[in-house]
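Please look over the sequence and the model shown here before reading on.

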Amino acid sequence: MIEVLAPGPLATIQDLGRPGFAAVGVGRSGAADRAALTLANRLVANPDDAAAVESLLGGLTVRALRQVWMAVTGAPAPATVDGTPVGHHSLFTLRAGQRLRLGSPPSGLRTYLAVRGGIDVPPILGSRSRDTLSGIGPDPLTEGTVLPVGPEPSAWPVTDLAPVAPPPSGPVTLRAIRGPRDRFLVDPRALQRDGWVVGTRTDRIGMRLTGNTVAVDAAAGSIPSEGLTRGAIQLPPGGEPVVFLADHPTTGGYPVVAVLLDADVDRASQLRPGQPVRITLTD
Amino acid sequence: MRVLRYGDRALLVDLESGAVPPAALARACRAQVDGLLDATPAAQTVLLTLDTRTDPSEVRRQLAGLRFDGETSVQAARLARIAVRYDGPDLAEVARLTGLTPDEVVRRHTSGTWEVAFGGFAPGFAYLVGGDPALAVPRRDEPRTSVPAGSVALAGRYSAVYPRPSPGGWQLIGTTSAPLWDLDREPPALLQPGDRVQFEVAA
């Protein structure tokens with residue numbers, strides 16, 4: 001078991017989510033940066049979908065109640081064990097009584113802390129993910145939360161370091177496929193212009209792009225509700241696109257004019273408010 | 001049926017022509033198409049999300065051979081009876097908008113069955129269609145910041161029950177104590193797409 005001494009701005013438990021309930025209004029949720037969660041799990045030889053802690057902007061401190069193996073991935077929050085730095089994307093142990101502290105990451109938003117055996121809170125509808133939109137899943141961590149750790153898997157860690165580039169702090173290009181409702185784009189080039197930045201209101205549900213606007217066909221104001229996925233780029237009448245992330249609503253009534261490549265949604269999930277974004281569209 | 005691209009991990013099936021209800025198509029896809037993570041029925045579409053190993057062109061091929069078994073949809077359709085106290089704060093406004101008396105609004109809301117077209121907005125929130133066309137009303141100009149759980153509402157051609165307190169812009173005509181969403185129940189949602197709903201005046 002590990003005990004939370006400080007949660008930071010927001011720390012939640014996440015796995016790969018609970019697909020299958022969109023028809024009754026529950027989205028998939030799960031880790032915002034799935035590649036980072038999966039990497040953390042692989043470092044401790046967990047199954048890819050084991051539950052870990054997703055820490056927003058660091059500030060998380062935990063104490064081990066028994067010895068555990070851990071790995072930290074995603075936004076490169078400087079990690080220390082009782083004050084001694086431990087590497088990002090590396091395997092380390094936290095002995096009983098030792099404290100792991102995550103500082104503030106210089107880039108990216110979300111850091112993943114995997115524990116060998118996985119965070120073993122009871123699953124809800126098949127997942128341990130906290131869905132911040134629907135309120136389903138384990139509550140965000142607070143000071144004093146004790147997290148059960150599951151039994152160690154039979155597999156053993158085979159690598160102690162994974163050389164993965166951290167999320168960049170500068171401009172990021174995201175690739176998207178046009179459609180399904182790109183006919184509402186008066187000028188598709190508008191979406192690909194320079195000058196987009198991540199808006200100040202960005203969370204696990206989605207992020208708004210500001211700095212430009214895209215002209216929307218007047219007929220687009222009230223299309224019938226359609227399903228949404230993470231990575232969907234929706235265009236409200238104001239012309240500032242919304243990119244949906246892990247806790248997106250299951251349906252929405254504004255046109256989805258393009259959808260990020262699945263591989264690029266993880267990178268989108270690490271973008272900070274104010275960070276420049278470029279979108280490239282493919283047919 | 002048109003199949004539209006939706007990024008590299010999903011397809012959007014557009015049923016504009018209306019021959020097949022989205023809820024029925026979603027059910028058929030779940031039963032017959034391999035490699036789906038989820039099928040999301042909506043007003044005129046079904047969004048199919050694919051697992052990472054599935055080739056979208058393979059799903060398109062399977063969609064072309066999809067069979068609609070009338071019996072499955074009838075079996076899946078349950079009838080939920082929901083008792084309502086018609087005391088909503090917008091009942092008089094709905095009467096004014098529709099040109100009916102409040103009693104006539106209630107009579108029309110409780111005559112005949114509604115059908116769950118799709119879910120969304122919140123866990124357990126079901127968009128109901130098939131009611132009396134005279135009850136079509138616009139949303140409120142000013143959405144409420146908090147609509148109480150159990151509020152029975154109208155907007156456009158839809159009726160719905162708010163499963164929990166939330167902001168909302170629909171016209172509130174009544175209240176029910178029926179639990180629309182209960183995680184301790186299997187399934188948690190009282191209303192699934194394809195189900196039928198009979199509203200009744202609470203005794």
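What percentage of the 283 residues in chain A do buried residues make up? Buried residues make up 56% of them, where buried means under 20% relative accessible area, exposed means over 50% and partly exposed lies in between, with a 1.4 Å probe and protein chains only.

## Basis of the model

This is a predicted model, in which local features need pLDDT of at least 70 and side-chain atom pairs count only at pLDDT 80 or more, while totals for chains, interfaces and linings use all residues. Residues are numbered from 1 along each chain as its sequence is written, chains are lettered from A and ligands numbered from 1 in the order in which they are written, and side-chain values use heavy atoms, with hydrogens and water left out.

## Chain A as a whole

Chain A contains two helices and 20 strands; these are DSSP runs numbered from the N terminus, with helices (H or I) of at least four residues and strands (E) of at least two. Its radius of gyration is 19 Å, close to the 19 Å that the globule rule gives for 283 residues, so chain A is as compact as a globular protein of that length. The radius is taken over C-alpha atoms, and the rule is 2.2 Å times the number of residues to the power 0.38. The C-alpha trace of chain A spans about 60 × 40 × 30 Å along its principal axes.

Contact means heavy atoms within 4.5 Å. Of the contacts in chain A between residues at least 6 apart in sequence, 76% join residues at least 24 apart. The accessible surface of chain A is about 10600 Å², and 55% of this belongs to carbon and sulfur atoms; such areas come from the Shrake-Rupley method with a 1.4 Å probe, and for residues only the protein chains shown count as cover.

## Chain B as a whole

Chain B comes to five helices and 13 strands. A compact globule with 203 residues would have a radius of gyration near 17 Å, and the 18 Å of chain B agrees with this. The C-alpha trace of chain B spans about 55 × 35 × 35 Å along its principal axes. In chain B, 50% of the 203 residues count as buried, and 59% of the contacts between residues at least 6 apart in sequence join residues at least 24 apart. Chain B exposes about 9500 Å², with carbon and sulfur atoms supplying 51%.

Helix H1 (residues 22-32) of chain B has several buried residues, among them Pro22(B), Leu25(B) and Cys29(B). The buried residues of H1(B) pack against strands E2 (10-14), E3 (36-41), E4 (45-50) and E6 (114-120) and against helix H2 (56-64) of chain B. Elsewhere, Arg196(B) lies in strand E13 of chain B and counts as partly exposed at 35% relative accessibility. Leaving aside neighbours within four places in sequence, Arg196(B) is in contact with residues including Arg78(B), Trp114(B) and Glu115(B).

## The interface

Between the two chains, 35 residues of chain A are in contact with 38 residues of chain B. The area buried between them is about 2600 Å², of which carbon and sulfur atoms give 61%; buried area is the accessible area (1.4 Å probe) that two parts lose on being put together, summed over both. Ala23(A), Val24(A) and Pro180(A) supply 20% of the area that chain A buries against chain B, more than any other three residues.

## Backbone features

Most residues other than glycine have a negative phi, and most peptide bonds are trans. The peptide bond from Gly179(A) to Pro180(A) is cis, with omega near 5°, and Pro180(A) is found in the loop between strand E12 (172-178) and strand E13 (196-202) of chain A. In chain B, the bond from Glu186(B) to Pro187(B) is cis, with omega near -5°. Pro187(B) is placed in the loop between strand E12 (171-175) and strand E13 (196-201) of chain B.

Ser29(A) has a positive phi, near 55°, and is found in the loop between strand E2 (10-14) and helix H1 (34-43) of chain A. At 1% relative accessibility, Ser29(A) counts as buried. Leu57(A) has a positive phi near 60° and is found in the loop between strand E3 (52-56) and strand E4 (61-64) of chain A. With a relative accessible area of 32%, Leu57(A) is partly exposed.
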